[in-house]
Amino acid sequence: MTEKPIIIKTAKADNVGIVVNLNGLPKGTLLDDGTLLSENVPIGHKVALSDISKGDKIIRYSQIIGYANKQIRRGAWVQESMVLLPQPPDLDSIPLTDNPKPAPEPLEGYTFRGFRNPDGSAGTKNILGITSSVNCVSGFTGYIAGRIKKEFLHKYPNVDDVIPLNHTYGCGVAIDTPGAVIPIRTIKNIARNPNFGGKILVVGLGCEKLLPETLLPGSDQSKRGADGFVSKVMTMQDESYKGFHEMVAGLMKLAEEHLKELNKREREIIPASELIVGMQCGGSDAFSGITSNPVAGFASDLIVRTGGSVMFSEVTEVRDAVHLLVSRTVNSSVGQALIDEMRWYDEYLFKGEVDRSANPAPGNKAGGLSNIVEKALGSAVKSGTSQIVDVLAPGEKLRKKGLTFAATPASDFICGTLQLAAGMNVHVFMTGRGTPYGLSMVPVIKVGSNSLLSNRWFDLIDMDAGQVALGQKTIEEMGWELFHLILDVASGEKQVACDKLGLHNDLVLFNPGPVT
Ligand code: CA
């Protein structure tokens, strides 16, 4: 059998490569760089591409994933037992830096066709969002959205959708605790997502803890806010409504006022610098860190070079590579903010008596991941190589263009919800095992990490990054493809699989506060 050997080396500095042939590679295989395998190496595992002396660095993703505890000859299988885990610096001793790198070479001339908003941001869809201040009204907001779509939406052909922004918060929760800040600002900022065109419609019950007014950008109702937001509020217990049908009529009137305004908007040419791309992975496998995440990282760098914004998140997935991320922050205060978010999450997990020592899982190790540093690097690689210009706490709105770390749990639904609050207008989601994840508020581009999944789920996955593992395309080629796909999807010229099929997940708030 003479299968062409395929080795993935993620950076020039790497002294190990990953075997991606489905059956691994046998002893005696000659690699393209002249390395001769001295033993069989399984799929997903590492082979030494140069001699590594005892105590030398083992480098992957151009980072130290460990130190050799014995001499490793070029061509040998670098097994977990040979790799000493580098001591991750504790959060109090990570050096902060003030060494801004020169700006990357700008990418000019890239645009998409989006909806320009009064605050300068741009939507990739034109949606009427109906915010609820409390779970009690979610049946009502769902009813109204359904009726508008069935009976009225055809009158507003430029409006793509009407979406009730329902959740389980608002009452029956401790609202004056430090933890309440996160869910409240999340609900508030989701209503300000660029895809809702600056038109805010809040429905409350009237006796809930979370007052609808709290969710508005300005305190005045039905008036223009400082950023051009127009807000309207309706409460079901308003005594002027007699019976359900008057409530329906009351909300319909407010909704139609917004719909008329939203319908005036048309797609126009907008610089790619108005993209706000949220990167996330879920259902990862051994290929994620080799194919889909590096492809996403390459595309991320391209977006940043256009002047656009990229967010990456998932604290628990990057925690053990945080010292490497801190060294990429633009200045010491951003570095400190990143450390503070990690510390906050450490304490949150500690209170919940969660033990991280079981990570990586046996399945990860069997798949070739030696330790948590390597696993975290495989996840963080989706952030590309750009400088980290800002750090957001969960639920905060994006402040800067460029690459931002938006702190969120790794839970797909909670991460997506928090990235929506931060203002993302395109979501890129990498998966290896497969998940039908989707959101109705923004397009979600799903990138498969392996071709087996991408082919089996041909109508659920938007892009097959497994082609990288098969040697059919390079990370660079696929990174450019993903970049162009992001622009096409943002323009409404290509529809993502979950939108075609109508598969959309619920919003899930992150509420670290007590439920009463
Ligand atoms: Ca996730």
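This is a predicted model: local features need pLDDT of at least 70, side-chain atom pairs count only at pLDDT 80 or more; totals for chains, interfaces and linings use all residues.

E314 sits in the loop between β16 (309–312) and α5 (315–318), while K382 sits in the loop between α9 (372–380) and β17 (388–392), so the bridge ties together parts 68 residues apart in sequence. Both E314 and K382 are buried.

Another of them pairs D32 with K4, whose closest N and O atoms are 3.5 Å apart. This pair also links distant parts of the chain: D32 is in the loop between β2 (16–19) and β3 (46–48), and K4 is in the segment before β1 (7–8), 28 residues apart. D32 is exposed, at 69% relative accessible area, and K4 is exposed at 53%.

The bridge between E151 and R147 has its closest N and O atoms 3.0 Å apart. These two residues are 4 residues apart in helix α1 (residues 138–152), so about one helical turn separates them. E151 is partly exposed, with a relative accessible area of 36%, and R147 is partly exposed at 25%.

Helix α4 (residues 292–305) has 14 residues, which at 1.5 Å a residue should span 20 Å; its end C-alpha atoms are 20 Å apart, in agreement. Because 12 of the 14 residues of α4 are buried, the helix is largely enclosed by the rest of the structure. The buried residues include P294, D301 and I303. After α4 comes G307, which has a positive phi near 95°.

Notes:
Residues are numbered from 1 along each chain as its sequence is written. Side-chain values use heavy atoms; hydrogens and water are left out. The expected span of a helix is 1.5 Å times one less than its number of residues. Buried means under 20% relative accessible area, exposed over 50%, partly exposed in between (1.4 Å probe, protein chains only). A salt bridge is a side-chain nitrogen of Lys or Arg within 4 Å of a carboxyl oxygen of Asp or Glu.
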